[in-house]
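Reader: I have not seen this structure before. Could you take me through its strands and sheets?

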Amino acid sequence: YSFTLHGDPAMQLFRPALSLDKTAQSAVIEPGDMVDFTLTVNNSGLYPSHVEVVDTLPAGLTYVSHTATVTTAVTIVGNELTFTVEPALAYGDSATITLTTLLDPGYTGPASLNNQATVMGTGLEGSPGNEMDNASLLVLLPTNAGLYLPLIIK
């Protein structure tokens, strides 16, 4: 006996469709302020996917803590945070991670910070293009302008 197995070329095998939405609690901050970011991951694909979210903090922002609607583990390497989400996100599921950071009190860098995050999953992405998102912050830097009063000498 012999058998020939034919497959349907239109059949999508293990193709999750992950998307990421990232927002900042406040768009304008000052050195020393705490900043919260919300990362929301959705799976609109037909198959479940194990998910990792990589958040690259710009210079000046420091990781403080995080909370999530699902079980997460965080790995920190330099300014890169990797959140591993468990269990796998099924069709229609979403996970939200709230990331708390601190802008260094002595921050004197650029007045604009861009915080970028990317989601990665298992399987071939079903609808590529929406796996990355940014949140921009405007930093109000202190000015060095002093108060000058006229000096009157008698």
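Reader: How many bridges join strand β3 to β8?

Author: This is a predicted model. In it, strand β3 covers residues 34–43 and runs antiparallel to β8. The number of bridges that join β3 to β8 is nine.

Reader: Which residue in β8 is the bridge partner of F37?

Author: Strands of a sheet pair through backbone hydrogen bonds, either parallel or antiparallel. For β3 and β8 the sense is antiparallel. The bridge partner of F37 in β8 is L99.

Reader: In which sense do β5 and β8 pair, parallel or antiparallel?

Author: Strand β8 takes in residues 94–103, and seven bridges link it with β5. Among the bridge partners in β8 are L99 for H66 and L103 for L61. The sense of the pairing between β5 and β8 is antiparallel.

Reader: What is the order of the strands in the open sheet of four?

Author: β8 is joined to β3 by nine bridges and to β5 by seven. The pairing in this open sheet is antiparallel, and the order of its four strands is β1-β3-β8-β5.

Reader: Why is one side of β1 and of β5 left without a neighbour in the sheet?

Author: In the order β1-β3-β8-β5, β1 (18–24) and β5 (61–68) stand at the edges. One side of each has no neighbour in the sheet because each has a single partner strand.

Reader: By what angle are neighbouring strands of the four-stranded sheet turned against each other on average?

Author: The sheet in question has the order β1-β3-β8-β5. With direction ignored, its neighbouring strands are turned against each other by an average of 20°.

Reader: Which strands stand at the edges of the open sheet of six?

Author: This sheet has mixed pairing and the order β2-β10-β9-β4-β7-β6. Two of its strands have a single partner strand each, so one side of each is left without a neighbour in the sheet. These edge strands are β2 (28–29) and β6 (71–77).

Reader: Which residue in β10 stands opposite L113?

Author: Strand β9 (residues 112–121) and strand β10 (residues 132–139) run antiparallel and are joined by seven bridges. The residue of β10 opposite L113 is L137.

Reader: What percentage of the residues of the chain count as buried?

Author: A residue counts as buried under 20% relative accessible area. The chain has 154 residues, and the buried share is 29%.

Definitions and conventions:
Residues are numbered from 1 along each chain as its sequence is written. This is a predicted model: local features need pLDDT of at least 70, side-chain atom pairs count only at pLDDT 80 or more; totals for chains, interfaces and linings use all residues. Side-chain values use heavy atoms; hydrogens and water are left out. Two strands pair if DSSP finds at least two bridges between them. Axes are lines fitted to C-alpha atoms, for helices over the stretch in contact, and angles run from 0 to 180 degrees between N-to-C directions. Buried means under 20% relative accessible area, exposed over 50%, partly exposed in between (1.4 Å probe, protein chains only).
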